[in-house]
Amino acid sequence: MALARVFGCARVVYNDSLRLREQAHEAGEKISDSELQRRVITHAKLTPEREWLAGVPSVALVQACNDARRAYRNWFDSLSGVRKGRHIGHPVFRRKRGRQSFRLTRNGFSLRGQRLYVAKVGEIAVRWSRPLPSVPSSVTVIRDPDGRYYASFVVDRPATPLPACAREVGVDLGLNRLVVTSDGQIIANPRFLRAKERKLAQAQRGLSRTAKGSANRVKARRRVAVLHRKVRETRLDHAHKIALALVRDNQAVYAEDLAVSGLARTRLAKSVYDAGWAQLLRLISEKAGQYSRTFHRIDRFTPTSQTCSICGTNDGPKPLHVRNWQCQTCATVHDRDVNAARNVLAAGRAERLNACGGTVRPAALLARPGETGTHRGVA
Ligand SMILES: [Zn+2]
């Protein structure tokens, strides 16, 4: 299939870009982005080992080159401390097995009726999951390890504001309870998702028990890929629903930026949860834009789970198994997560007002011992 060639070329350019950056770095050589692109695409096409790159849309190669640059930068910035938050691993080379993708901007594709035309590939039949609201500016074509193909379009959607409402909410993200809000609402990871995750874990163990190169291994790998997709789709669907409810019911939603949250500081945060949280925050942000509501991320670390949301006393760190605690100062009994969400709400409001130049008078400003009462005033 002609698409396979594009996947292959995008992967090769991505890997060549990473390798070249690495070599340049080791040799102490500075290499500009345009020079790198010239070497891995333009010049490479002239060599016998890479001349087949000319057979696919060059915009897909340029995008692969850009993706590699971003991955490398993120890692490098994380290493040198420019980028805050959790350490980002070294970018990995793309493998032939596994998820394949390439991205095209306007000059690499068009829509012809119900079909997708890809430059140098031709027309592809598409089963549309929903109609596009406007002309897409880019498309990503993906092949999952389970053999399915997807096309994901980037489209601009005009905002459709919802009527204003007075409610605002802070959310706390967690492991067992996915979301807890400042008004005490608890949204768990649904049972059907957990069941699917368990099945996936089982299948993964099964895969590791099969012999390399055996037919059983091929079957087991396929099974893992299918379950992976199901978990991913279920999680995404669930996240859409939560995000919509939060944005619909509240004028403003506040959350901690994952990079500065307490979660980023624990070893508990497995990549799987991390991805789920990031996805949820992205969806809330998108929907807030769509419905003209506010979504604000707190970008400064605050000890949300240690501070009493009523009186502002920092009561010290609490091990994760402590679900409820009583404030030493004002004797309020707190649900750990609801209290954290209330602090998120207060801190979020404070940051937002500060940014607007207003005066901050939250009921309880997050304060550490010694700072109690020193409200951050007018910005
Ligand atoms: Zn208190």
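**Close-up views of helix packing and the zinc site**

**View 1. Helix α4 passes helix α5 in a left-handed crossing.** The model is predicted: local features require pLDDT of at least 70 and side-chain atom pairs count only at pLDDT 80 or more, whereas totals for chains, interfaces and linings use all residues. Residues are numbered from 1 along each chain as its sequence is written, and side-chain values use heavy atoms, with hydrogens and water left out. Helices are DSSP runs of H or I with at least four residues, numbered from the N terminus. A crossing is left-handed if the near helix is turned anticlockwise from the far one by less than a right angle, and right-handed if clockwise. The axes of α4 (residues 191-209) and α5 (residues 215-249) come within 9 Å and cross at roughly 160°. That angle makes α4 roughly antiparallel to α5 (over 145 degrees; 65 to 115 is roughly perpendicular, under 35 roughly parallel and the rest oblique). Axes are lines fitted to C-alpha atoms over the stretch in contact, with angles from 0 to 180 degrees between N-to-C directions. In α4, the residues that meet α5 include F192, L193, L200 and L207; their partners in α5 include V224, L227 and V231. Contact means heavy atoms within 4.5 Å.

**View 2. Helix α1 crosses helix α2 in a right-handed manner.** The axes of α1 (residues 2-26) and α2 (residues 33-43) come within 10 Å, crossing at roughly 130°. This makes α1 oblique to α2. V13, D16, S17, L20 and R21 of α1 meet D33, L36, R39, V40 and I41 of α2.

**View 3. Helix α2 passes helix α3 in a right-handed crossing.** Between α2 and α3 (residues 58-79), the axes come within 11 Å and cross at roughly 130°. The helix α2 is therefore oblique to α3. On the α2 side, D33, L36, Q37, V40 and I41 take part, and they meet L61, V62, C65, R69 and R73 in α3.

**View 4. The zinc ion has the protein donors C308, C311, C327 and C330.** Each donor atom is an SG, and the donors lie 2.3 Å from the ion. Donors are N, O and S atoms within 2.8 Å of the metal (3.2 Å for Na, K and Ca); water is not among the atoms, so sites may look incomplete. The 4 donor atoms subtend angles of 105 to 116° around the zinc ion, which makes the arrangement tetrahedral (four donors with all angles between 85 and 135 degrees). Along the chain, the donors follow the spacing C-x2-C-x15-C-x2-C.

Note on methods: Helix = DSSP H or I, 4+ residues; strand = E, 2+ residues; numbered from the N terminus. Tetrahedral: all angles 85-135°; square planar, octahedral: opposite > 155°, others 65-115°.
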